[in-house]
Amino acid sequence: LKIKDGTQLRAIAQALTHFAASNNGSYPLPSLLDANDATVSGPPESKNTTANIMSILVYDNALTPEMYESPMELGNICTYDDYIYDQPGTANDPANALWDPAFRADFTDLSQPGHFSYAHQRPTPNENTRWFNTLNANEIILSTRTPKVSSVDPKTNKHEIADPLSITFGMHGPARYWEGYVAFADNHVEYVTSLADAVQHAPDTSYIDDPAEGDRFLSIFIQSGHSDSDYQPIWD
């Protein structure tokens with residue numbers, strides 16, 4: 001199952017890369033694609049959530065919903081079996097929809113599961129955005145999702161965890177340690193045994209939300225906007 005998890009993460013990274021190759025290097029940005037509100041309404045940047053981004057790749061037949069559920073999943077996340085590939089009824093204009101808006105990434109409401117298991121880079125659509133294909137072998141774009149990190153020691157790179165009972169500790173490693181897969185912008189995937197190892201070659205710590213605009217930060221995002229501070233990450 002661990003190998004399958006890494007294979008799925010690589011497939012998602014490759015789907016992002018293939019999308020970027022046909023879109024001037026940009027990974028999916030619903031704010032640009034759905035400018036006419038055919039799929040959902042709202043300020044453009046409010047559309048750049050995990051659910052909308054990942055739903056676009058399924059609607060384009062680049063991936064299947066099954067590939068979004070980790071085989072190591074322990075949380076409130078499952079495969080979305082009812083995905084609508086043509087004229088989804090929940091869209092504003094079903095005939096011109098670009099994704100199925102009923103696809104969910106929010107796993108915090110226990111009455112409804114989320115449908116996406118992995119963390120991804122924050123897709124802030126401004127001049128500092130990193131949401132495009134750099135092919136940088138040291139830039140993390142996806143990973144096994146992590147616990148919330150409250151601080152990082154700049155000398156030791158030790159990550160202080162906000163919730164020591166996070167279920168993400170048990171997805172790959174022992175219940176008190178985080179382990180998982182990390183996918184980089186050049187599409188190579190590594191299995192690492194700590195958050196420190198995950199980011200040792202990366203240009204940013206990746207798992208803490210630094211105040212600097214344009215910070216490379218990975219999570220699942222249920223709200224988005226023009227600025228980094230408009231994004232709402234979630235953890236379990």
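This is a predicted model: local features need pLDDT of at least 70, side-chain atom pairs count only at pLDDT 80 or more; totals for chains, interfaces and linings use all residues.
Figure 1. Tyr 181 and Tyr 191 form an aromatic pair with 5.0 Å from centre to centre and 70° between the planes, an arrangement that is edge-to-face. Tyr 181 belongs to strand S5, which covers residues 180-184, and Tyr 191 to strand S6, residues 189-192, so the pair ties together parts that lie 10 residues apart in sequence.

Figure 2. A search of the whole structure finds 12 aromatic pairs. In one of them, the ring centres of Tyr 83 and Tyr 85 are 4.9 Å apart and the planes stand at 55°, so this pair is tilted. Tyr 83 is buried, its relative accessible area being 7%, while Tyr 85, at 36% relative accessibility, counts as partly exposed. Both residues also belong to a cluster linked by ring pairs, whose other members are Tyr 68, Tyr 80, Phe 103, Phe 116 and Tyr 118.

Figure 3. Thr 39 is placed in the loop that runs between helix H2 (30-33) and helix H3 (50-59). Although it sits in a loop, Thr 39 is buried, with a relative accessible area of 0%. Which residues is Thr 39 in contact with, leaving aside its neighbours within four places in sequence? They are Asp 34, Thr 90, Ala 91, Asn 92, Ala 97, Leu 98, Trp 99 and Pro 101.

**Figure 4. Helix H3 and what covers it.** Helix H3 is mostly covered, since 10 of its 10 residues are buried. The buried residues of H3 are Thr 50, Ala 51, Asn 52, Ile 53, Met 54, Ser 55, Ile 56, Leu 57, Val 58 and Tyr 59. Just after H3, Asn 61 takes a positive phi of about 65°.

**Figure 5. The protein chain as the setting for the close-up views.** The secondary structure of the protein chain comes to four helices and eight strands, and along the sequence these elements follow the pattern α-α-α-β-β-β-β-β-β-α-β-β. The radius of gyration of the protein chain is 17 Å, close to the 18 Å that the globule rule gives for 236 residues, so the chain is as compact as a globular protein of that length. Along its principal axes, the C-alpha trace spans about 55 × 35 × 30 Å. Of the 236 residues in the protein chain, 51% are buried. Among the contacts with a separation of 6 or more, 63% are between residues 24 or more positions apart.

Note on methods
Residues are numbered from 1 along each chain as its sequence is written. Side-chain values use heavy atoms; hydrogens and water are left out. Helices (H or I, at least four residues) and strands (E, at least two) are DSSP runs, numbered from the N terminus. The radius of gyration is taken over C-alpha atoms; the globule rule is 2.2 Å times the number of residues to the power 0.38. Buried means under 20% relative accessible area, exposed over 50%, partly exposed in between (1.4 Å probe, protein chains only). Contact means heavy atoms within 4.5 Å. Rings of Phe, Tyr and Trp (its six-membered ring) pair if their centres lie within 6.5 Å; planes under 30 degrees apart count as stacked, over 60 as edge-to-face and the rest as tilted.
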